[in-house]
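Dear colleague,

Please find below the structure I am handing over to you. My notes on it come after the structure itself.

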Amino acid sequence: QVQLVESGGGLVQAGGSLRLSCAASGSMFSINAMGWYRQAPVKQRELVATITRGGSTNYADSVKGRFTISRDNAKNTVYLQMSSLKPEDTAVYYCNAVLYTAAWALPRDYWGQGTQVTVSS
């Protein structure tokens, strides 16, 4: 069983910074990509940032220049460094991993339980 566990959420003042972490554990052959998504009240889940095994990154326009995604492949961990936080960044942030559980298997999506990020104005 693959498990993704997020940490680092909390309450922060506008303009502040926060770093989220997500560690993947369990039986995995390889991780294609990891990323962060978020879901605010009454809104659908949206992509925040992703990073592939090759190091390619993708950011939502709303966070580009403020957020930085990084990874530690040895630890199967992805990070999201969030700076210049705005109240509109308030959401539940979910860790995502696209991975192979075996070399012959198709890649599958796995999700963490989410961590709340609240930015006060």
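The notes below go from the whole chain to a single residue.

This is a predicted model, in which local features need pLDDT of at least 70, side-chain atom pairs count only at pLDDT 80 or more, and totals for chains, interfaces and linings use all residues. Residues are numbered from 1 along each chain as its sequence is written, and side-chain values use heavy atoms, with hydrogens and water left out.

The chain has eleven strands and zero helices (DSSP runs numbered from the N terminus: E of at least two residues for strands, H or I of at least four for helices). Its radius of gyration is 14 Å, close to the 14 Å that the globule rule gives for 121 residues, so the chain is as compact as a globular protein of that length (the radius is taken over C-alpha atoms, and the rule is 2.2 Å times the number of residues to the power 0.38). Of the 121 residues, 42% count as buried (under 20% relative accessible area, 1.4 Å probe, protein chains only). Among contacts (heavy atoms within 4.5 Å) with a separation of 6 or more, 55% are between residues 24 or more positions apart.

Thr115 is found in strand β11, which spans residues 115-120. Thr115 is buried, with a relative accessible area of 11%. Leaving aside residues up to four places away in sequence, Thr115 touches Glu6, Gly9, Leu20, Ala91, Val92 and Tyr93. A polar atom of the Thr115 side chain lies 3.3 Å from the backbone nitrogen of Gly9.

With kind regards

How values were computed. Buried < 20%, exposed > 50% of the residue type's maximum accessible area, 1.4 Å probe, protein only. Polar contact = N/O pair within 3.5 Å; in protein donor to acceptor, adjacent residues only side chain to side chain.
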